[in-house]
Amino acid sequence: MKDQFASDNWAGLAPQALAALLEANGGSHAPAYGDDVWTQRACDAVRRVFDTDCEVYFVFNGTAANALSLAALCRPYEAVVCTPLAHIAADECNAVGFMGQGVSLLTCDDGSDAARRAKLTPAALDAAARRRRDLHAPRARAVSLTQATELGTVYAVEELRALTTAARELKLKVHMDGARFANAVASLGCAPADASWRAGVDVLSFGATKNGAPVGEAVVFFDRGLADGFEWRAKQAGQLASKMRVLTAPWVGLLEGGAWLAHAGHANAMAQRLAAAIDTLPGVHLLHAPQANGVFAELPRPAIEALRAQGWRFHEMLPNGGCRLMCAWDTRPETVDAFAADLAVACRTP
Ligand SMILES: *Cc1c(COP(=O)(O)O)cnc(C)c1O
């Protein structure tokens, strides 16, 4: 199959992740359940990346990272504020409610420009958290921000600060869904700490699967007190890997030499290249300028069908032919150019 734009998790393992995995497999036996040197190194590498002494855990996927960390922040009668497009609301089969034994989601879409870019604003957050304060409705306890967002936009550091300040005033904890945190940091060009704990984030689901790792996402507690009992929570949920080094060695490979940021930067650059190549085609309408590794554009219906018939795979996920074109750590410029050329032909064919 040719390389595709369906999702960044269609790509395989980055060489740095694979090399570390092979190295971890090459030696002798190692202790199970995370008591091994690779897991220690991976936790230390995360602490160095964030320049702080955070608590770090590894689970199998992003759904578990989100649901378990939000369950750690909320009691069963409490709720998490997020956008309707948030992965936790739209794509995780209500794992938050399941892992949180009743925790619910308060989605808010105020119809604003920010909402169209899959972003929360302090005003929308405030309205959602205050909508019901009586004891007959779940009490808002946390907010979940996705960075980069589900529509390929990125919260600026000042936007994050404004949101987390509003959250503190509302007594909400701040969770960040960072399945594409690397792409956001590469886009912002800031220190990872500035886009997370220094901006007021309490806990981060830090993704690597979409950035060249085989499996396993990190749960990073910047507020260490919130991590109390997390290993039991993860174990009970079936999210404690016994052969933990298989999850954590690839993280060492990606983080220690900085490959994680280089890969994310490359994926972002491919999205820029793709957007520039299709922006002026007749009938193509970019929903907004890409800031991370996804391009969101309305394509003419016949063009969507023509591209599919030629074997291209991508998701149509918004009204009016709104398509999502995801670039990955390994997307090649030639693939971008070939897709754009096929789209150009399809747009000109009546
Ligand atoms: C991919 C993704 C996740 C994680 O999904 P899993 O399939 O559970 O690993 C979480 N949040 C966002 C925004 C994502 O795009």
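**View 1. Residues around the ligand.** The ligand has Asn61, Gly62, Thr63, Asn66, His87, Glu92, Thr146, Glu150, Asp177, Ala179, Arg180 and Lys210 around it; a residue counts as near when one of its heavy atoms lies within 4 Å of the molecule. The model is predicted: local features need pLDDT of at least 70, side-chain atom pairs count only at pLDDT 80 or more, and totals for chains, interfaces and linings use all residues. Residues are numbered from 1 along each chain as its sequence is written, and side-chain values use heavy atoms, with hydrogens and water left out. An N or O atom in the side chain of Thr63 is 2.5 Å from an oxygen atom of the ligand. For Asp177, a side-chain N or O atom is 2.6 Å from a nitrogen atom of the ligand. In the case of Arg180, the distance from a side-chain N or O atom to an oxygen atom of the ligand is 3.1 Å.

**View 2. The largest pocket.** This pocket holds about 520 Å³ of space. A pocket is an open set of points, on a 1 Å grid over the protein atoms alone, with protein on both sides within 12 Å along at least five of seven lines; a cavity is a set where a 1.4 Å probe fits but cannot get out, and lining residues have an atom within 4 Å of a point. Grid points are joined across faces, edges and corners, and a volume is the space filled by probe spheres set on the points. The lining of the largest pocket has 25 residues, with His87, Asp91, Arg180, Lys210 and Arg324 nearest the centre. Seven of the lining residues are nonpolar, ten polar and eight charged. Here Ala, Val, Leu, Ile, Met, Phe, Trp, Tyr, Cys and Pro count as nonpolar, Asp, Glu, Lys and Arg as charged, and the others, Gly among them, as polar. Helix 3 (62-73) and helix 4 (87-90) each give at least two residues to this lining, and the largest share, three residues, is from helix 3. Helices (H or I, at least four residues) and strands (E, at least two) are DSSP runs, numbered from the N terminus.

**View 3. The second largest pocket.** The volume of this pocket is about 200 Å³. Its lining consists of Leu68, Ala71, Cys74, Arg75, Pro76, Phe98, Met99, Gly100, Gln101, Arg233, Gln236 and Ala237. By class, the lining has seven nonpolar, three polar and two charged residues.

**View 4. The largest cavity.** Three cavities of 30 Å³ or more are present in the structure, and the largest has a volume of about 40 Å³. Ala148, Thr149, Glu150, Leu151, Gly152, Arg180, Ala292, Asn293, Gly294, Phe296, Arg324 and Met326 line the largest cavity. Strand 9 (294-298) and strand 11 (322-326) each contribute at least two of the lining residues. The lining is made up of five nonpolar, four polar and three charged residues.

**View 5. Salt bridges.** The whole structure contains 19 salt bridges, each a side-chain nitrogen of Lys or Arg within 4 Å of a carboxyl oxygen of Asp or Glu. Arg224 and Glu55 pair through their side chains at 2.7 Å, N to O. This pair links distant parts of the chain, 169 residues apart: Arg224 is in the loop between strand 7 (217-221) and helix 10, and Glu55 is in strand 1 (residues 55-59). Arg130 and Asp126 form another salt bridge, at 3.0 Å from N to O. Both residues of the Arg130 and Asp126 pair lie in helix 7 (residues 122-130), four residues apart, about one turn of the helix. Arg130 is partly exposed at 45% relative accessibility, as is Asp126 at 26%; buried means under 20% relative accessible area, exposed over 50% and partly exposed in between (1.4 Å probe, protein chains only).

View 6. Most residues other than glycine have a negative phi, and most peptide bonds are trans. The peptide bond from Gln147 to Ala148 is cis, with omega near -5 degrees. Ala148 sits in the loop between strand 4 (139-146) and helix 8 (157-169). Gln101, not a glycine, has a positive phi of about 55 degrees; this residue is in the loop between helix 5 and strand 3 (104-107). Asn320 also has a positive phi, near 60 degrees, and is in the loop between strand 10 (315-318) and strand 11. Gln101 is exposed at 67% relative accessibility, and Asn320 is exposed at 64%.

Note on methods: A polar contact is a pair of N or O atoms within 3.5 Å; within protein, one must be able to donate a hydrogen and the other to accept it, and residues adjacent in sequence count only if both atoms are side-chain atoms.
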